[in-house]
Amino acid sequence: FFKNNIINENFLKKKISKKDLKKIYKNITALHNYLSNFLSIKLNKIHSENNSKTYWGILIDSWLMYYIQIFYHKWIEVEKLMQCNFKSKINLYYNSKLNPPINFDNFFYLMSNENQNSILYSEIIKRKKKISINKNIKIQIKFENLNKNFTQPLPLILKILSFLNFKKKIVFIDTYFSIKKIFLSFIKIGILPNFVDCHDQTYNFKNRQVWSDVRNTMCKDIKIKSNFESFLIDNIKNYFPLSYLENYKKIKKKTQKEFNYNPNFIVSSVNHIHNDFKKFWIAESIKKKTKFVTMQHGGGMGSSLFNSGEYLDIKNSNKYLSWGWKDNAKVLPNFMTLKRSNNRSGKKILLVLYGFPKYANKILPNLDQDPNITFFKRQMCFLKKIDKNIYKELIVRVPQFLHLKKFYKDEIKKISRE
């Protein structure tokens with residue numbers, strides 16, 4: 001979209017004040033709570049269930065929060081574009097059919113797809129009706145069956161010990177701490193912790209029998225207060241994952257068969273956000289009085305102006321284990337200390353460059369919303385001004401996003417030659 005359309009340079013200079021960002025985030029959380037409650041009631045009716053709001057929150061809240069933020073971010077971008085006296089005719093993109101994502105992960109990676117983002121920008125512009133259109137271009141979206149694992153497979157010894165441990169009082173889905181350290185820490189107090197593999201089995205349910213009638217009517221009673229909300233609600237039918245609707249019964253049944261035990265505690269760092277199969281297990285377990293504990297996993301939690309991940313982790317858990325801060329009754333600080341990693345290079349300074357996805361997936365509290373080329377340039381400017389003697393002692397870690405990796409490496413080589 002941006003590559004094939006001439007964008008006014010003033011668009012890149014548009015900023016959002018801290019006051020406005022706080023107001024935006026407040027509106028997003030209010031909208032999220034309203035839609036989460038509405039969908040919980042609706043899903044209970046659709047599936048003939050009587051599940052709590054917490055149950056449905058564990059399943060759909062992370063998807064819903066990302067969905068709102070992704071759409072709102074693009075809505076703001078188009079509004080800023082229109083404020084720049086944009087006069088050129090613009091190309092719009094469309095696809096005659098959009099298949100709903102299989103699960104949360106599939107939705108997340110769909111929203112990083114170049115063609116999908118071009119379509120979404122185009123849909124917003126059509127809603128605005130204030131920009132001249134050059135032509136409409138049909139593009140295809142390859143529905144990638146992306147099964148991503150953010151965590152390493154369990155070591156064989158832990159699989160065996162977990163299998164032999166029939167009590168299963170505490171089960172870790174994933175953790176940013178050393179598995180070995182957690183294991184030894186609990187052994188000291190006479191508890192054998194369990195660990196489970198994090199493969200998301202919802203990918204095995206590739207049901208393409210989309211419930212079109214249900215999707216078209218499930219949000220008809222939602223109260224709409226703005227043009228953005230109208231656009232957001234209209235698109236839920238296209239982006240609501242199959243795992244919460246068409247495949248719900250199958251996944252629930254598979255989860256109950258796979259996890260035929262009821263632990264006292266389930267602990268998770270990130271899999272409760274993106275792994276739908278584990279989310280089903282957590283949701284089913286809390287119905288049987290299992291306590292759900294979430295752990296901090298970075299991202300400015302506890303220190304930034306606001307953080308949607310922190311908000312959801314605390315909202316749907318019994319306890320939240322932080323790295324040292326406490327601003328809520330559910331938060332337990334200083335759960336474990338992190339050990340500094342070994343530095344084999346002999347150099348003394350580590351500089352971790354900031355990275356972000358090509359297409360923003362959340363509203364951030366910094367004044368320069370990412371992705372932003374200005375932020376690239378500032379980091380490179382900082383590197384250029386570092387004293388040569390210090391520069392020799394420096395290790396630079398570049399972000400792992402493919403669109404940034406090459407850029408940073410090329411820029412760092414230029415600076416090194418200079």
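Guide: The sheet is open and has 6 strands in the order 4-3-5-6-7-8, paired in parallel; strands (E, at least two residues) and helices (H or I, at least four) are DSSP runs numbered from the N terminus, and two strands pair if DSSP finds at least two bridges between them. Strand 4 (194-195) and strand 8 (331-332) form the edges; each has a single partner strand, so one side of each is left without a neighbour in the sheet. Strand 8 pairs with strand 7 (residues 319-321) in the parallel sense over 2 bridges. Within strand 8, Leu332 stands opposite Leu321.

The model is predicted: local features need pLDDT of at least 70 and side-chain atom pairs count only at pLDDT 80 or more, while totals for chains, interfaces and linings use all residues. Residues are numbered from 1 along each chain as its sequence is written, and side-chain values use heavy atoms, with hydrogens and water left out.

From the sheet we may turn to a pair of helices. Helix 9 and helix 11 pack with their axes 9 Å apart, at an angle of about 70 degrees; axes are lines fitted to C-alpha atoms, for helices over the stretch in contact, and angles run from 0 to 180 degrees between N-to-C directions. The two helices, helix 9 and helix 11, are therefore roughly perpendicular to each other, a term for angles of 65 to 115 degrees. Helix 9 contributes Tyr248, Ile251, Lys252, Lys254, Thr255, Gln256 and Glu258 to the contact, and helix 11 contributes Phe277, Phe280, Trp281 and Glu284, where contact means heavy atoms within 4.5 Å.

Next comes the nonpolar core. The largest one has 75 residues, and Trp63, Tyr67, Phe71, Tyr239 and Phe240 have the most contacts inside it. A nonpolar core is a set of buried Ala, Val, Leu, Ile, Met, Phe, Trp, Tyr and Cys residues joined through side-chain atoms within 4.5 Å; buried means under 20% relative accessible area, exposed over 50%, and partly exposed in between (1.4 Å probe, protein chains only). Among the elements that each supply at least two residues of this core are helix 1 (18-47), helix 9 (248-258) and helix 11 (276-286). Helix 2 gives the most to this core, with 18 residues.

Finally, Lys89 lies in the loop between helix 2 and strand 1. Lys89 counts as exposed because its relative accessibility is 57%. Leaving aside residues up to four places away in sequence, Lys89 touches Ser132, Ile133 and Asn134.

Note on methods:
Angles under 35 degrees count as roughly parallel, over 145 as roughly antiparallel, 65 to 115 as roughly perpendicular and the rest as oblique.
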